[in-house]
Every structure is written in C-alpha cells, then in structure tokens.
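This report looks at a ligand site and the domains around it. Please view the model first.

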Amino acid sequence: MRHFPIFLDLAGRRVVVSGGGETALAKLRLLLKTEARVTVFAAEAEAELRVLAEEGRLRLVERALGPGDALCAALFYAANDDAAEDARVAALARADGALVNWVDNLGASQFITPAIVDRDPVTVAIGTEGAAPVLARAIKADLEARLPAALGLLARIGKGFRAAAEALPMGRKRREFWADYYFADGPRTLAERGAEALPGALVALLDRHLSEAPREGRVDLVGAGPGDPDLLTLRARKLIDAADVVIHDRLVAPAILELARREALLIDAGKKGFGRAMAQDEINRLMVEHAASGAHVVRLKSGDPGVYGRLDEEIGALDAAGIAWAICPGITAASAAAAQIGQSLTKRDRNSALRLLTGHDVKGFAEHDWRGLARPGAVAAVYMGVRGARFLQGRLMMHGAAPETPVTAVENAGRPEARVIATSLGHLPGALEAAAPEGPVILLLGLAPRAAEAAAQTLAQELA
Ligand code: SAH
C-alpha cells in the first residue's frame, strides 16, 4: 500500500485549485461537499465556476496562480489540463507548503482523490493506486446500489442519540440496539412514517432494550457436516442463523458461513497466521469471553464435532468458566464418503465393527490395533491419513493384510467437487501421489466403490 487512506478534517481549512475547465470542476464538485474554504485560480473560467463564485460557494481569482497564492492551503489541486502549467503551479504550491495533487499525474502527486460513495456522515472511499480506475468505478456503482439512500439520514439522526444510548451497558447490549436501529426499526420507521418519526422511534427502541432482561450467553458446539449446506442438520441451520458469534474451522465451507446473520461476528479459528492455526487456548478463550458477555456462540466444526474435533478440551474450558453448552451432531466425513461410493459402513457377514482412525496425532503417526485392522473384511475410516499413507500401508502389511485389500480415498466427500480414488492397499501411496488431492481426504480401508466391487465379483464368477 503506497497511499494510506485517511479522512482529513477540512472544516474552515483553505483548499486551492488551479484551473478553470472541466477537470477543475470535477474536483470542485467533490470539494464543495466539504466545509473547506475553496479558492480557484483561473485565467479563463467556465461559466459554471462563475455561478459558484457568485453563490459564494468558492472564491474565484481570475488570473494564473503566482508565488504565495497557496500559502496556508491544506490541499492543492493542479487541474489545468496543461502539463507545463500544472508543473509550474505544482512547484509553487509545494513551495508554499501545501499537499499537492496533480490531476491525472499519479507520480507527481503527494495524495490522490479516491472514488467516493457519499452517504454523509457515512463515506466510503475507494482507491486502486491508479491501477484500475474501471474497477474503482464498478465497486462504487455496486456500493451505490447496495447502500440505501437514507443511510446518511439514519446515521445523522442516530449520531444525535449516541449520548442517550449510553444508558445501555457498553458492548453487546449497545451493539444490538444500534443494529436494530440501522437494520430493522430505523429503515422501517423511515419507510412507513418518514424522517420526523425517527427520534420518537429511537426513544421507543431504547426503552424496549433497557427493559429487556439480560440474556444468558451460551455455546453450541455444532457439526457443519462435510461441506454442502444441504447436509447440515435442521438444528445446525437454526443455531447458525441465531448466532451472535460464529467461531469456525478452516474446513467449514464458505456456503455454510453464508447462512450466518449479516451482523454476526465470524471468527476464523483455522486461519493460518505464520503457518499455524489459532492455538486451542486462544479458541477456548474466545468462546468463553463472548459467551460470558451474553452472546450466543456457535462453535462450528466440520463433520461431527465429536470426531477428531478436540471437543473435550473445549467443553472442559466451558465447564471451568461455568458456561452453558450443548452439542449438535453433524454428518461425519466417514458417512459422507461411504454414501459417495454407494457403500454401507457396516455389513452383516463382512464387518460388524467400524473403526475411525487418525493418520497422525500430536505425537506424529498414530499407532493402532494393526492386527485387528489387517483381518479380512475389516473396515476403517482414516481421517487425516494422506501424509501417513505409506506408514499405514507398511504397518498393515507387516501384520498380514493382503495387498489387494480395497482402499478408497474420497476427496471433498459430500461436496459437488467430490473425487473418488479407488485403489488397493498395495498401491495406496502411489495412487494418492498421482491424484495429488488438494481438498480434505478420507481413506476408507476395506471398502471399494459399489460399482467397482460388483464388476470385480462378476469377473471372479466368470473366471471360476
Ligand atoms: N470432525 C470432522 C473431522 C475433522 S478432522 C468430521 O467429523 O468429519 C479433519 C479431517 O477430516 C480431514 O483431514 C479429512 O480427513 C476429514 N474430512 C473432513 N471433511 C471431509 C470431506 N468433506 N471429505 C473428505 N474428508 C473430510
């Protein structure tokens, strides 16, 4: 970022513009929105400039700018549409100590003017450092359409009520009051009863918020399922929709986060700063802090929260802080992956038990009951297993597993971009390397996709 955006207080300050044509007028239309004292130097001035001068909105000096003319100016615009003249006046203004903008000459300017969306006192400034004016215009058009025209009016009237709103305790209570004003009661009152009704509506709204009993904060530990919003439980959907704060893992798909309310605070606990996800202690602290202030917190985890989700550590922290919690189960990756390949996780006469394994744990590659896992017909779902695939293969074969044992890796199970990699224990590491998955992968040990299994059985019957 070469240009640092700030909002400059121009009330009563001097701003000088050199130029009397359309370029100068374009800047003046923006400058005249401020409370600056604007002086224009122009040897030849457009009629519109004269009108503005006659209306007293600016001072027009009908000659070229000379030394000392920009003294005490906060800002100076060289807007003559004439490179030689702009260079001359820019040098003079700089000598007078003003910050100089040479219109359409980024390199020679000390500051640049952004594209502005004006809902005074709400102002949005958009800059691209000259890289893409088209983009700035598109963003401006988008925001102009999105921000209600009455936003400025709501904000001006709201501003006058800030002292009264201090009757509410600072933090969430007060935020909720303002959220109701800006997103619900304010726009509704304006539409139904007009601006005069706004102060009365604010008083009524404040009364309502003051008399509300303080809410108890709580934490719901919610399973977000494998990623597709359709695979959320109805309860998860309701909880996400009602949450004040959503603390989510990296694997929770954006389409699910979209379901949170616009005002909800979204915290990405899987965000990798310096190559590491947020520490568990930090997550615990955030949950406790928000719930203690009365917020309804949703701790959103991929799949089922009780499967490799460090659920007990979080519950321990909540219990220690005396905060109410509940678990909302979700569809775990193993279920989603089995569904993807048309298989059942357990099957009469094949496997009456199902194991969930992790490929690696905090101490490195995880050890398991390899003998049991190596038995024919054993089925296991291996989470976080890609990196440990070679280790897994070695251990299982060492304990007598057949190299032909089917293994199916499912990437992005339960999502539209799902990919199935059907292989065998003997070929597992090579198959994974060749597939080079980028999304989350679960390994289904002992299961082949139903279609492939059926084809293999037909072949075996034919050979017999
Ligand atoms: N609580 C989660 C598991 C978290 S551990 C659950 O119940 O599913 C993270 C691991 O889960 C990933 O490394 C991957 O092995 C697996 N996983 C999560 N979502 C997955 C998905 N959509 N497809 C395949 N594997 C997934």
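The sections below cover the model, the domains and the ligand site.

## Basis

This is a predicted model: local features need pLDDT of at least 70, side-chain atom pairs count only at pLDDT 80 or more, and totals for chains, interfaces and linings use all residues. Residues are numbered from 1 along each chain as its sequence is written, and side-chain values use heavy atoms, without hydrogens and water.

## Domains

The chain is divided into domain 1 (14-113), domain 2 (151-211), domain 3 (218-331) and domain 4 (335-460). These bounds come from an automatic or database domain assignment. The C-alpha centres of domain 3 and domain 4 are 29 Å apart. Their contact (heavy atoms within 4.5 Å) takes 8 residues from domain 3 and 12 residues from domain 4.

## Ligand shell

## Backbone distances and burial

A backbone N or O atom of Asp304 lies 2.8 Å from a ligand oxygen atom. For Met384, a backbone N or O atom lies 2.9 Å from an oxygen atom of the ligand. A polar backbone atom of Ala413 is 2.8 Å from a ligand nitrogen atom. Taken alone, the ligand exposes 540 Å², and the protein buries 92% of that (Shrake-Rupley method, 1.4 Å probe).

Definitions and conventions
Polar contact = N/O pair within 3.5 Å; in protein donor to acceptor, adjacent residues only side chain to side chain.
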